[in-house]
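I want to look up salt bridges, then the ligand.

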Amino acid sequence: MSAGRSILLWGSKNNWMRNHVPKFRFVRHAVKKFMPGETATDAINATRELLKKNIPTTFTHLGENIKDLSEAETAANHYLELIDRINKEKIDIEVSLKLTQIGFDLSFEKTLECFKQITKRARECGNNVFIDIEDSSYVDKTLDFYKKVKVEYDNVGLCLQAYLYRTMDDLKELIQINPWIRLVKGAYKEPENIAFKKKKDVDDNFFELSKYLLSQIQERGIRVAFGTHDLKLQQQIRNEATKIGLAKNKLEFQMLYGIKSAEQYKLAEEGYNIRTLISYGEFWYPWYMRRLAERPANVWFVAKNIFRN
Ligand code: FDA
């Protein structure tokens, strides 16, 4: 991991920076590259534009590591109202959330209660919910959580990270319950005894996991979303799908709002399923620092905003 990336990931957890950095106007300006705005209405307006290009979205209302369980209810209520609004406006938007936003650091049971409320409402509205995956200290607990929810609700998916050595084993265990999986590389700072450090190793493992998942789309009809902006990997996955006879419309890619937009449009034009994940909300600091860490060159973009009016 580069020094720049390590510093940015350290910064994402630093309390002083969490409290002060978001106040700078030039940082608020730079965030707009990845976020259409802080409200659900901003994100819905962005979705309407994307839908003109046949690209539906997934919404994440930013928040993580709450300190009080009352905040879990506030966060859950936000998602319940959002799902109702999506249903009323008849627009293709799914939701994806972090378990620590609804109390995972404080109470497994309360988190389960909040999550089931959200998932139940989503199911009633014909909608789906994905669980974001956080740092490695949460993985065991999140897998247990997912298995518990999946028994009752089939409209739930889980994100897994290709940088962790364990992920193939986790997938093979989960496959019994026909999981829905969003595969990503992984956005946190992890030690080398549990995670690949070199980009090439992470990419190779992503492709190995993808081959396994493609075979499972074919055998079991599970839903898989390949969450990456890495065009080379996307091409490898597309080639492998063709090789095993999987039609384009069985493949789903997911990418983040504001990153490689032209390539997102192109995937849609070519007949692949592509869904854009839009994050919004006021609590954007740690999430934004992880986006900067993925491409430290983004820091120059932030710096350039210092000189805007
Ligand atoms: P890689 O980092 O190799 O980037 C490939 C290319 O994409 C880069 O060369 C650059 O051009 C472009 N790019 C990538 N990131 C960029 C950025 N921030 N700014 C500008 N350009 C960028 N992680 C996690 O741990 N838990 C989760 O739940 C999720 N959820 C999630 C959902 C979806 C839909 C996506 C796309 C990603 C996530 N992630 C995530 C983040 C993921 O783990 C990973 O950090 C990023 O996707 C970056 O990795 P890539 O696969 O894009 O490849």
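I start with the term: a salt bridge here is a side-chain nitrogen of Lys or Arg within 4 Å of a carboxyl oxygen of Asp or Glu. The model I am looking at is predicted.

**Entry: salt bridges**

I looked up the total, and the structure holds 28 salt bridges. I picked one of them, between lysine 120 and glutamate 124. Their closest N and O atoms are 3.1 Å apart. Why are these two separated by about one helical turn? Both belong to helix α6 (residues 108-124), and they are 4 residues apart there, so about one helical turn separates them.

The ligand sits in the largest pocket. The largest share comes from β7, with 3 residues.

**Entry: who surrounds the ligand**

I find 26 residues around the ligand. The closest are Lys185, Gly186, Thr228, His229 and Glu294. How does the shell divide by class? It has 10 nonpolar, 7 polar and 9 charged residues.

In arginine 182, a polar side-chain atom lies 3.3 Å from a nitrogen atom of the ligand. For lysine 260, a side-chain N or O atom is 3.2 Å from a ligand oxygen. For glutamate 294, the distance from a side-chain N or O atom to an oxygen atom of the ligand is 2.5 Å. Last, I noted the cover: the ligand taken alone exposes 930 Å², and the protein buries 87% of that.

Notes. Residues are numbered from 1 along each chain as its sequence is written. This is a predicted model: local features need pLDDT of at least 70, side-chain atom pairs count only at pLDDT 80 or more; totals for chains, interfaces and linings use all residues. Side-chain values use heavy atoms; hydrogens and water are left out. A residue is near a molecule or strand if one of its heavy atoms lies within 4 Å of it. A polar contact is a pair of N or O atoms within 3.5 Å; within protein, one must be able to donate a hydrogen and the other to accept it, and residues adjacent in sequence count only if both atoms are side-chain atoms. Accessible areas come from the Shrake-Rupley method with a 1.4 Å probe; for residues, only the protein chains shown count as cover. On a 1 Å grid over the protein atoms alone, a cavity is a set of points where a 1.4 Å probe fits but cannot get out, and a pocket is an open set with protein on both sides within 12 Å along at least five of seven lines; lining residues have an atom within 4 Å of a point. A molecule sits in a cavity or pocket if more than half of its atoms lie within 2 Å of its grid points. Ala, Val, Leu, Ile, Met, Phe, Trp, Tyr, Cys and Pro count as nonpolar, Asp, Glu, Lys and Arg as charged, and the others, Gly among them, as polar.
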